[in-house]
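Hello,

Here is the structure I said I would pass on. My notes on it follow below.

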Amino acid sequence: MRIYFDNAATTAIDPLVFEEMTKVMRDHYGNPSSIHAHGREVRTLIEKARKTVAHLLNVSPSEIFFTSGGTEADNMAIRMALESYSINHVISSPIEHHAVLHTLEELEKSKGLKYSLLQVDSKGNINLEQLEELLQNSPKTLVSLMHANNEIGTLLDIEQVSAICRKYDALFHCDTVQTMGHYRHDLGKLPVDFVTCAAHKLHGPKGVGFIYINHNIKIKPLLFGGAQERNMRGGTENVYGIVGLAKALELAYDEMEDHQNYIQNLKTYMIQQINEHVPDCTFNGEIVPEKSLYTVLNVCFPEMDMADMLLFNLDIAGISASGGSACSSGTNIGSHVLTAIGAHSERPSVRFSFSKYNTKEEVDIVVSKVKEIFLHEALR
């Protein structure tokens with residue numbers, strides 16, 4: 001039996017989502033851009049899915065655009081905001097997803113973009129005073145900050161950031177890939193300009209996501225080639241994926257409070273068990289529930305020989321997790337997030353990320369295997 005604790009990377013598809021998608025695959029194969037009956041019935045499925053997503057987020061369906069996932073959505077928000085509004089400065093942080101950071105680096109090289117990275121503390125909290133200082137001196141700015149860090153789980157206060165951005169008339173892009181479907185996002189009340197989602201992070205299919213674009217924002221398309229998505233994204237729509245995304249988000253909202261409590265209890269239990277059975281461990285990022293994404297726990301284990309083999313040993317033991325260590329030299333490519341928060345470069349870190357399908361019994365097995373690995377290490 002294998003144990004899967006890498007849900008921040010991707011999640012197992014929900015059987016009800018799979019069932020919904022296979023119905024469409026089997027019975028609805030028309031091109032949604034075609035005007036005949038086969039095309040119209042598929043177009044209806046897409047617009048029904050769009051209305052479902054919009055209703056859950058308390059926005060207009062015209063503000064939801066389907067994409068191939070979170071990376072495309074992040075690129076669309078950043079690239080087209082800069083081009084459409086002649087923005088020449090972006091404020092972000094050193095712990096953002098590479099979909100954001102690599103985009104900024106490329107735009108710096110190709111377009112001469114200026115971008116500033118905010119300071120973060122040892123828990124991954126953003127320096128919001130610095131954000132306000134930068135905005136005071138920089139008109140025409142885009143702020144791009146994620147709601148929850150995908151490696152360490154530290155949460156951003158979206159409301160506070162949004163208020164600061166509005167104060168200085170800055171655009172605000174929030175990557176909510178890790179939190180969409182795990183927290184309720186009332187975008188009708190929250191002044192944010194762009195929000196992004198990937199369905200496979202919430203028990204939906206891979207290869208599909210969406211971008212929310214506030215109705216007050218008008219940007220150019222990122223992809224050309226057709227009139228799909230109201231002329232905002234050329235290319236035949238991923239109909240099965242879109243239907244699956246809407247179903248996954250609907251299920252997530254229906255079951256959210258129960259899953260939040262269940263998964264938070266799993267995480268708390270794992271923290272307790274690690275503290276009890278594996279001495280000298282610390283945790284990267286915030287672990288206080290109010291400040292931490294309940295699906296992510298990043299553990300910094302004691303120093304060991306062959307630290308880079310810890311994940312391999314877990315894999316051999318039947319446990320799927322992910323992680324890395326901070327960069328200890330210019331030649332060592334480690335986690336940019338752990339490096340930014342000053343995590344121990346000599347100690348291995350592992351990210352365990354949970355879903356509704358995990359159990360306490362699995363936590364017990366994982367902790368037992370980790371304890372065994374470090375006991376073997378101590379006896380070497």
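Accessible areas here come from the Shrake-Rupley method with a 1.4 Å probe, and for residues only the protein chains shown count as cover. On that basis the protein exposes about 17,000 Å², with carbon and sulfur atoms supplying 52% of it.

This is a predicted model, in which local features need pLDDT of at least 70 and side-chain atom pairs count only at pLDDT 80 or more, while totals for chains, interfaces and linings use all residues. Residues are numbered from 1 along each chain as its sequence is written, and side-chain values use heavy atoms, with hydrogens and water left out.

Overall form: there are 12 helices and 13 strands, taken as DSSP runs numbered from the N terminus (helices H or I, at least four residues; strands E, at least two). The radius of gyration is 22 Å, close to the 21 Å that the globule rule gives for 380 residues, so the protein is as compact as a globular protein of that length. That radius is taken over C-alpha atoms, and the rule is 2.2 Å times the number of residues to the power 0.38.

Interior: 54% of the 380 residues count as buried, meaning under 20% relative accessible area (1.4 Å probe, protein chains only). A nonpolar core is a set of buried Ala, Val, Leu, Ile, Met, Phe, Trp, Tyr and Cys residues joined through side-chain atoms within 4.5 Å. The largest has 57 residues, and Val-143 and Phe-210 have the most contacts inside it. Helix 8 (residues 239-254) gives the most to this core, with nine residues. A second, separate core of 35 residues includes Ala-148, Ile-274, Val-278 and Cys-281.

Regards

How values were computed:
Buried < 20%, exposed > 50% of the residue type's maximum accessible area, 1.4 Å probe, protein only.
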